[in-house]
Amino acid sequence: MKESLIQEIISIRKKLPAGFCPVPFTTIILEPDGKVGLCRNKGNDFPVGTLSFDSIEEIWDIRNSEKARKWRREFIEGKHEICKNEVAYRKCNMDLHFNDLLPHAQIKEVLSDKILRLTANLNGKCNMQCPFCEIWKLPNGNYTDDNFWTPAKNSLFPFIKEVDMLSGEPFIQSDTYKLIDCISEVNENCVWNFTTNIYWTLNNHIRQKLDKILIKNISVSIDSLIPEVYAKLRTPGVLERTLKNLDQLLEYRDERSNQKKGFSVTFNFLVQKDNWRELPHVMKFAHEKKMIFVPILLEDVVAMSILSFTDSDKIELLDFYLEKIPSINLYLITPILHPLLQSLGPLDKAYYLTCFNNAVHGK
């Protein structure tokens, strides 16, 4: 991101309330079952409306539904209850990826401008059946030429500044490549982001499609570097194949960088009971591969979440991280630490808050 844009974002944010997030003002998420959301981090269980699949033009009313307006109103007034935990712990509202469209955003409760970022989760189709995910169970084929592709060519595609592809697995869905072709025809300056399980091969067909577009970031979700654990969490994945595919993607990243068309690769790691001990090693792995490391706390599936550990297990985890993770890197796992610390009793919470604060500040 250019320094001039960063400074512009900082200047705008100084005039906005603390904790402000631009995402509900810039983004529309289309889910396979017709749910319409505003933020990827809230997941597909926080819709602001639902399409009937009569026409994509319904999104103009849905984006100004009462739930959507309330969400934006909270940020405008600095009273963000809907995103209270995200702002406090995950701090995703400060992520530059989500702020880069802020200079173009209409900061109003009721929006009339064009949609700036489209997250097109058009199908649930996936090549994995992860135990913590329900997306692969969602339908396919609800977005047709009549209700989506044809009208979107005039009302949506020419004006979008970013596309964010998520679910199920975008690189095995033909609609992903159809979307690349359709948007590229009318909007060659659109910037693209992808989230993928990287359980596919970067063949010539995919490379040709990606070569057509401007890519900002590709996020890879790999939740273990231990073959047995990976197979359990990323069913029916084989780690060796995934890592081979990852190396191909990183080579492609470097090729494009040499051509001045580079993009970043983010390594997503969903921390849970089966993999929490891997966190220090995975952080090092991502750094060595020149990837951005993003730890994410699994919360929704309680039985798999470290938040359902006993207090003694949580303390073991915290002691392990204090010992194994260099103090300079502890800030990277803030999204994991804060909710965990908040779940402890008062004395343990105060003790470990002090321990981590001292470690971070070199005391």
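Predicted model: local features only at pLDDT ≥ 70, side-chain atom pairs only at ≥ 80, totals over all residues.
**View 1. Lysine 91 sits in the loop between α5 (84-90) and α6 (96-99).** Most residues other than glycine have a negative phi.

**View 2. Lysine 260 turns up in the loop between α11 and β8 (264-271).** Here's another lysine with a positive phi, about 65° for lysine 260.

**View 3. A cis peptide bond links threonine 235 to proline 236.** Omega for this bond is about 0°. Most peptide bonds are trans. To find the spot, look in the loop between α10 (227-233) and α11 (239-258), where proline 236 lies.

**View 4. Asparagine 41 and arginine 90 meet through their side chains.** The polar contact between the two side chains is 3.5 Å. Asparagine 41 belongs to the loop between β2 (35-37) and β3 (49-50). Its relative accessible area is 17%, so asparagine 41 is buried, as the label needs a value under 20%. Leaving out residues up to four places away in sequence, asparagine 41 touches Arg90, Cys92 and Phe98.

**View 5. Asparagine 123 reaches aspartate 175, side chain to side chain.** That polar contact comes in at 3.0 Å. Asparagine 123 is part of the loop between β4 (117-120) and α7 (145-155). Why does asparagine 123 count as buried? Its relative accessibility is 7%, and buried means under 20%. If you skip residues up to four places away in sequence, the residues that asparagine 123 touches include Pro32, Pro139, Gly141, Ser167 and Gln173, along with Asp175.

**View 6. Stepping back, the protein has 15 helices and nine strands.** The radius of gyration is 21 Å, close to the 21 Å from the globule rule for 363 residues, so the protein is as compact as a globular protein of that length. Along the principal axes, the C-alpha atoms fill a box of roughly 60 × 50 × 40 Å. Buried residues account for 52% of the 363. Take the contacts between residues at least 6 apart in sequence, and 71% of them join residues at least 24 apart.

Key:
Residues numbered from 1 in each chain as written. Heavy atoms only, no water. Helix = DSSP H or I, 4+ residues; strand = E, 2+ residues; numbered from the N terminus. Rg over C-alpha atoms; globule rule 2.2 N^0.38 Å. Buried < 20%, exposed > 50% of the residue type's maximum accessible area, 1.4 Å probe, protein only. Contact = heavy atoms within 4.5 Å. Polar contact = N/O pair within 3.5 Å; in protein donor to acceptor, adjacent residues only side chain to side chain.
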